[in-house]
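Hi everyone, thanks for coming.

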Amino acid sequence: MKKLIVISGSSGVGKGTIIKNFLQKHPDFKLSVSCTTRKKREGEIDGVNYYYLSKEEFMKAVNNDEFLEWTEFSDNYYGTNKTFVQKCLDNNERLILEIDVKGAINVKEKIKNSVLIFILPPSFEELERRLRGRKTETEESIRKRLSIVKSEIQKSKLFDYTVTNNTVEKSVEEIEQIIKDEQI
Ligand code: 5GP
């Protein structure tokens, strides 16, 4: 069975861009599409970026035990579809989860065969700059996310690998090396 790759990192760290670049170079890897209750951002597509659910729909899925893990993040719920992940692993597919830190640690407890990668910002100041530059969040949401960042960086010690996002290209290369080393 292939190992499950779990990529985490603080909001605004650039993990989305890194994963997008990685997937363009490696189309044989699949990215799991999570469910969320947060509002769709401009340019996002239902079923591609996320499955967008109401809080009621999300809670119904929780009660039906449909999530491998789920979490509340910045006043919204996010969850990983259990059946989808299981099917991919059963079919020996190479799967990447892009989830928050708590979620990654929960997945590792449930699926021992997973490899946790934490993407670190070059510095906290750089992360704040990026998060503000994105202009997709309110000031309140930015402050909330920045306070989460500090505690998340602490938890990066629990991950198998850390990758510092100095450039997208270098980060992708480091992930390629991890995949080689782990024989995924
Ligand atoms: P965003 O709102 O910026 O798309 O995502 C916020 C955070 O939720 C990110 O850290 C992202 O990785 C995380 N996230 C997305 N999907 C899931 C999921 O299914 N489970 C968990 N635990 N976190 C998720």
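Before we start, one term: a polar contact here is a pair of N or O atoms within 3.5 Å. Also keep in mind that this is a predicted model.

Okay, the ligand. Which residues come nearest to the ligand? There are 16 residues around the ligand, and S34, R38, Y50, E69 and Y78 come nearest. Let's look at some distances. In the side chain of Y50, an N or O atom is 2.6 Å from an oxygen atom of the ligand. With Y78, a polar side-chain atom lies 2.5 Å from a ligand oxygen.

Quick reminder: strands of a sheet pair through backbone hydrogen bonds, either parallel or antiparallel. Ours is an open sheet of four strands, in the order 4-3-6-5, and the pairing is mixed. Strand 4, residues 50-52, and strand 5, residues 67-73, are the edge strands, so to speak: each pairs on one side only. From one strand to the next, the twist averages 25 degrees.

Zoom in on strand 3, residues 34-36, and strand 6, residues 76-81: they run antiparallel and are joined by two bridges. C35 has G79 in strand 6 as its bridge partner.

Last stop, helix 3, residues 82-90. Helix 3 lies across strand 5 and strand 6, at about 30 degrees to strand 6.

Definitions and conventions: Residues are numbered from 1 along each chain as its sequence is written. This is a predicted model: local features need pLDDT of at least 70, side-chain atom pairs count only at pLDDT 80 or more; totals for chains, interfaces and linings use all residues. Side-chain values use heavy atoms; hydrogens and water are left out. Two strands pair if DSSP finds at least two bridges between them. Axes are lines fitted to C-alpha atoms, for helices over the stretch in contact, and angles run from 0 to 180 degrees between N-to-C directions. Contact means heavy atoms within 4.5 Å. A residue is near a molecule or strand if one of its heavy atoms lies within 4 Å of it. A polar contact is a pair of N or O atoms within 3.5 Å; within protein, one must be able to donate a hydrogen and the other to accept it, and residues adjacent in sequence count only if both atoms are side-chain atoms.
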